[in-house]
Amino acid sequence: MTADETSTVRYYDELGCWVAWGREAAQSALQDSRLSSETLEAANLSYLPADMHEECSHLIETMRRWFVLLDGDRHTVARRAIQPMFSPRRIRKLEETIEVIVAEELDAFAASGATGDFDVITGLADKISARTIALLLGLPGDDDATLHRWAKALADFLASSYRRDCAVNAQAALQEMGEFIKNAPDEEGESIWSRATGGEWDRLATSSMVLFGGLETTAGLIGFAVWYMLGNDLAEQVAASEAGEEAKAVVERVLDVYAPLGHVARMASEDTELGGCPIAEGDLVLVSLTGRDLFDAQDLPTEPSGHQDGDRFDHVAFGYGMHYCVGAPLARVTVANLLTQFARRFPKASVKDVAWRKNRTFRGFDHLVLDVSGPQT
Ligand code: HEM
């Protein structure tokens, strides 16, 4: 059911839920207090086979406390406690260190062709996302492979909650993550574990959710941004931009067309209306962040969409309203910095091979292999 031909809200009988897309409908949905974020039960646990609930009690107990899946005071109190870690002032202070991390990883990437492919995902995106997020959260970030293995397990569970293997892997990942976070050296008392509020379960939940929240999304954006810049021959102008303004514009444009998080879920806690459609209490609404209907025949292109200077940036890739992404400033600074340094270092790089991930919620590439054999500066 849609309100009219132009509506961007639609009910899918076969899925038993609404889908809302486009900036206007997405923003309305995300600021409607009758559309609750407390969707774990309806969007995930109701699909998990009933006999798995006891076996996965650690997973369920932790995710029930993830503040991204909470409304009202419980959300506000948990978010407020960790928000200072993400303040613009703190991000500005970390910018120099982020620049050094990016430069070190580009050095390692330049050397990596001797032993394998120049794969942006394993060679840059996973490493830079892990190190910068760990830096911000006061955690060790050198073992990027383990951090991303945990994050992928959680992302797979969120996208395919009916699968037993995904639930088992996600629970193991959360348990390992919890030990890693609790045991991380933290002499100054400034790690995410020390900042989070509440009892042990709450702090575990907040720390694991914040760590998870940034890893796959930032790595996804790095892949999209490098692919888009090279595919549209933008490296030269990005490299020439003194203050990195071109790189920042490319990042926003990429977020417009390739949102790393495909959608978020909401559930009506009372009757409401969206884009002219009646949403009844208990209905599930999937809010697309890609600008498109989630169930459009989705092509997974091997070439990025074209670029025009002056394109309008009006995405909702970081969400909107109460749950707006706390990590957005960090992601923006990190990816813009990478683009600028990358473009100056590998001005002639081109894309050799790209493969999309299967996960349609946490979107990104499995690999993005480059040819950097041309003369570089
Ligand atoms: C390109 C990178 C990123 C994208 C696309 C992204 C996307 C999003 C979106 C769409 C939301 C809203 C969820 C909702 O409304 O239900 C969100 C929330 C959140 N994100 Fe991000 N994110 C990114 C990076 C990060 C980073 C780097 C961190 C942390 C290090 C982070 C931590 C969080 C947290 C904690 C929330 C929950 C906020 C709340 O519920 O109040 N994100 N993110």
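The shell around the ligand comprises 17 nonpolar, eight polar and two charged residues, where Ala, Val, Leu, Ile, Met, Phe, Trp, Tyr, Cys and Pro count as nonpolar, Asp, Glu, Lys and Arg as charged, and the others, Gly among them, as polar. The model is predicted: local features need pLDDT of at least 70, side-chain atom pairs count only at pLDDT 80 or more, and totals for chains, interfaces and linings use all residues. Residues are numbered from 1 along each chain as its sequence is written, and side-chain values use heavy atoms, with hydrogens and water left out.

Of the 27 residues around the ligand, H75, R79, R266, H323 and C325 come nearest; a residue is counted if one of its heavy atoms lies within 4 Å of the molecule. The helix α10 (200-231) is among the elements that supply at least two residues of this shell, as are α4 (72-82) and β5 (263-268). The largest contribution, seven residues, is made by α10. Helices (H or I, at least four residues) and strands (E, at least two) are DSSP runs, numbered from the N terminus.

In R266, a polar side-chain atom lies 2.7 Å from a ligand oxygen atom. A polar contact here is a pair of N or O atoms within 3.5 Å.

How values were computed: Polar contact = N/O pair within 3.5 Å; in protein donor to acceptor, adjacent residues only side chain to side chain.
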